[in-house]
Structures are given as structure tokens and as C-alpha cells.
Amino acid sequence: MSVTVKNEKLNRWIREVADLCAPDDIYVCSGSKDEYRLMMDKLIKSGIAIPLKKRPNSFLFRSDPSDVARVEDNTYISTASREDAGPTNNWIAPSDLKKTMLDLYRGCMKGRTMYVIPFSMGPIGSPISKIGIEISDSPYVVVNMHIMTRVSSQVLELLGAYGDFIPCLHSVGAPLAPGQKDTKWPCAPIEKKYISHFPEENLIWSYGSGYGGNALLGKKCLALRIASAMAKREGWMAEHMLILRLTNPEGKQYHIAAAFPSACGKTNLAMMQPSIAGWKCECIGDDIAWMNVGPDGRLHAINPENGFFGVAPGTSYSTNPMAMDTLKENVIFTNCALTDDGDVWWEGMDGDEPAHVIDWKGKDWTPQSSTDAAHANARFTAPASQCPVICKDWEKPEGVPIDIFIFGGRRTDVVPLVYEAFDWDHGVFLGATAASETTAANIGAVGNLRRDPFAMKPFCGYNMGDYFQHWFDMGDRLGSRAPRVFYVNWFRKSQDGKFLWPGFSDNSRVLKWICERIDGRVGAQKTPIGLLPNEKDLDLSGLNLSTDNMKELMSIDLTAWKAEVPDIEKHFSTFGNRMPERLKKQFQGFIDALGKQV
Ligand code: GTP
Ligand code: SPV
Ligand code: MN
């Protein structure tokens, strides 16, 4: 049963969109369990959702092979002036982009139902939360939104007659002619895909893709691109960060927020179970942090999401047992392989490879096949509340006080396992110069090194030069209460191409050193790039790591670091007069420090 809408702006918008997109039906979602089940039943009947015998209430979907990840090249920040979108974003003038997209939207929902999805990012009713309404013609989007956000008729009640919300319009861009049979994963060709943001009017228009961040508009579009622009205007922060609570053997708590680019280890670190005795880790969020200065003058973080949209390949009981236990029931899997006994499988799962599966394209697969059984960006959608180590405070409206920021990325070489920034400004320099090898989370080449400042290159909804300045401003406001800043790299490889660091639960050893730095329990060596652990200060007890490996992991090759300078120069030069003087000063300090070490 469709819910009645009393909000004036929403009713007007629903009518406008219906007139434009011409759906066969309109359905306003309540977010109830029944609604989810009915929707899933329909998807099963049409062969789109495959129920998994081995996991209660869990389903496998296979996307079109052309629609498997975010599409950064088709993603736009549409501000009146191109300058305000900045050099890291694609830009089209709002009037031009709207004209193009209105032409695409015209009649685009013919033969389909238009779903109106009221959702809250953050706990419903919390002062930090934001209300969005997604209109979508994809039932797959509806069931995923049920898990990833708080979809509820309560959101409509909260809106009342005159409340405001962020409109998020989505269509897969595949109208049906009368009698035309639908495909299992309708979408538009790449040249017709548009993921558009109008931050000056808090508006999102997405067309042509049904996948992940392109289509679940509460996530990257609202909670990062639109929210980052709001945060800049209003004096808070919306970041691509996991949030975790670490407790040391004496019971002291540390809250850590860490920014790594897509598919570079946030979900894994957020749920990590320490390999060192007496330390405990609890998950608060795995992808996005909204942070504001609290009454105590510290930075407090909430996770605006309600679920995890996590990378499946590589997830196993040996790498991320807490994720595996989160995935036992009530999960949507996308682009994983299907085993003969009715379970999902992906590369890197525990145990032997199955002798036969149906791969993510629906074809027979055996270990002899030359392709992967699961797509590299295959994902699970799972309720955060199911994570065995979800922190009891994860939905606290006031959030948790952040002690530590960590930046990082995927670097085969150059960057050591861990180092600390000299101070806040230097920390901003580390964030602003972060670089990482590209992954399958975006359509495009994998393994290319690129600057991905603060892991926000694809997600900053305004000029990134202004974003850098916002970080300085927040630091000034926080003063001595600002989090300390660190940089990590779990992905350094040896000459023969093997990871030098075991990673996963052993990353707790690095977090331990970081916490001990905060407490002033351990010293550090000053190097041109930052403060490195003294030998023996990293707890490597019980770890079978050769001293040669450790040396290589921590080594700083000055020639290689000097080779970074021209690339940073080029990166920074793109920001022109939006580049903060303080960041230029940091860069000069870095060059000088390298120069002194000949
Ligand atoms: P998004 O959801 O795209 O934002 O990704 P994410 O940052 O949450 O990355 P995730 O934790 O899903 O990890 C991505 C891939 O990196 C997975 O295949 C992991 O197995 C792998 N990975 C994560 N942590 C480590 C680590 O410490 N060492 C190594 N070698 N691989 C890791
Ligand atoms: C990412 O790419 O950083 C993700 C997945 O978290 S998506 O929702 O597709 O953006
Ligand atoms: Mn992400």
C-alpha cells in the first residue's frame, strides 16, 4: 500500500516528475519489512533476484556487464561558475545539463513503476541527520535503499506539510514500449549516463545506471557530494571515512576516522579484529563520516548510513571474519558467483575454489576458466546492525569524539607502512597529496597511480582548493583539540610483487603505535616526510616478519620521494588562486626538507 504524502513540496515534485517521466504507476514507500518482502517476491518471480538456499532472506543480482561500478567520467558538479566545481570535477552549466537531462528523462519511466523513497541519512530525527527523497524506477534501488539508509514513513511524518528535503531523482533510463519485455538489468549506454549534482540548490539527478553509488543516491551523491558542499557552507565536515573505536588493554578508548580511496581497505579496517592481545576494535561506520564540533570543542563523528555496501572479492574468514558473520542472512549480493548448492562465492573466499559455479555474467565457470567468477567490484549490501562488532554507540545522535585521522591509499612502492604528520597543517598537506592506484570501484583502468586528495577526488562537491582551506579552517577552530594526523600504506610490495605487510588484523599493530603516540608513550624519528616509528616501537610480537621485510616497509627512498615533487607541483598548480597559501608553504617545507637530505 502506497503511503499518503502531506508535504507540499514533495507532492508538487512527485507530480512534476510523473508528468516528465510518464511512469505507469506511482508507489510511495513505507520502508516496512512487508514492503521489502513483496518487492523481493516480484523480483524473484521475474528472475531478477536469485534466492540463496544457504543464506536466509538473501538474494543474488547480476547487473548488465556494462553497468558494474561508479562512472566518474559521467559524474558532474553543476555550479553556476565552473570555478566553483574546480579542477577535480566534471562540469556542465546547470541550464545546459538540465536541458540535456530533461530530454533524457522525458518519458523514461514508461512501462515502469515510479517509487518514491523517503529516507534519512543518520538516525531519524537526529539534529545532524538529513532527509532525502529518492524517486527511482528501479525496484533493485528500493530494496538496497531499505538496507543502506533509514527508509520509513516516519520520515514523511517528520517532514510534515512544510519540511524540506533533498530531492534525488533516479532513472535507469530504459523506458518500455507497450508489450516490450524488460531486460533483467535495464540501464542506458555509457554515453547516456549522467550522475549530476546541483550543490547550489541541493539537488541530485541521476540517469542511466542502476549500480551502487550511481543509483543509491543517499550514499556518494547526497552524503558526500551534496553534504560536503553543505558542510563547507555550514562549518562541518562530510568525509569518505570509516569510523572505529579502539580500546586498549587498560580500557582507554580511541576513536579513529580513516580516509582511504574506494576499494582500499575502509570496510576491512572498520571491522578489524586486533591480532595483539587485549586490544578491542568496534565498528561505527565503514565508508562515510559526518563530523561537527561538539560542545566540548572536539570533533564528533556520526555514520550517516544504515548498512554496508562492501567489496566482496577478498572478503573471507581469514581477512575480515566480522564481515563474513555480517553476511549470514538478510543480504543482497550483486555480481558474485552462484555455487551449485545455492550459495555465493567470490575470489579470495576461504577454502578451495569450487569445481563449478555460475559466474557473475550467468555463465558456467570452472577453475580452468580464464576469467574471474565474481566481478572485481562485486558487492554485498548488509544491515550495519548485523555486524557482530558494531559499536553500541553507533547510532548516538551526538556521535563519537575523534582522536585520530588516518589517510592512506594503495601504493606498491615509495610510501612506508606508517608515519605521523608534524602538525595539523602538515596533516592537511598529507591529505592533499595522497595518491593511490585506481581500483575496480570506478569504471576505467585499474592500477594507475593518481592523486586522490583525502580520498575525496570523486566525491568533493565543490572546488577542492576551497576544500583544502576548509580543512585549515576546521583545524583553527579545533586548535589543541584537533585530531592527530597519520598516513598509512598496507599495500607496499617487494621486488617480487608480494605484499610486504600481512595487513588486516595485523594493522592493529600500526593502530597501537598511533595510540601510543597520542598518549606520548613512544617517540618517533623525524624524517623529511614525517615522523616514523623508532625501531622496536612497533609491536611485532608473534608476527613472523623478516627484518628485511620490515626494513623495506619502513624505508624512505629519497630519490623516489624527490620524484614525487613534480607530480605534486602539477597537481597543486591545477587549483590556481584557490590554492591556500598555507598549503603552498607546506609544500615548500617538504621540498626544503628533501633538499637538505642529499
Ligand atoms: P569502498 O567500499 O569502495 O569504499 O572500499 P573500502 O575502502 O571499504 O575497501 P575494502 O575494505 O572493501 O577493501 C578492498 C579490497 O582491499 C578487498 O579486496 C580487501 O581484501 C583488500 N584489503 C583491505 N585491507 C587490506 C590490507 O590490510 N591488506 C591487503 N593486502 N589487502 C587489503
Ligand atoms: C566507493 O566506490 O567508494 C563505494 C562504492 O563505497 S559506491 O557506493 O559504488 O560508491
Ligand atoms: Mn567508498
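Why is strand β29 largely enclosed by the rest of the structure? Four of its five residues, 484–488, are buried, so the strand is largely enclosed. Buried means under 20% relative accessible area, with a 1.4 Å probe and protein chains only. Strands are DSSP runs of E, at least two residues, and helices are runs of H or I, at least four, numbered from the N terminus.

This is a predicted model, where local features need pLDDT of at least 70, side-chain atom pairs count only at pLDDT 80 or more, and totals for chains, interfaces and linings use all residues. Residues are numbered from 1 along each chain as its sequence is written.

Now the partners of β29. Two strands pair if DSSP finds at least two bridges between them. Strand β25 (residues 404–408) pairs with β29 in the parallel sense, over five bridges. There, F405 has V485 of β29 as its bridge partner. Strand β26 (residues 418–420) runs antiparallel to β29, joined by three bridges. E420 is bridged to F486 of β29.

Next, the largest pocket. A pocket is an open set of points on a 1 Å grid over the protein atoms alone, where a 1.4 Å probe fits, with protein on both sides within 12 Å along at least five of seven lines. The largest pocket holds about 1000 Å³ of space, a volume filled by probe spheres set on the points. Its lining has 50 residues, with A263, C264, G265, V311 and R410 nearest the centre; lining residues have an atom within 4 Å of a point. Helix α9 gives the largest share of the lining, four residues.

Note on methods: Chains lettered and ligands numbered in written order. Heavy atoms only, no water. Buried < 20%, exposed > 50% of the residue type's maximum accessible area, 1.4 Å probe, protein only.
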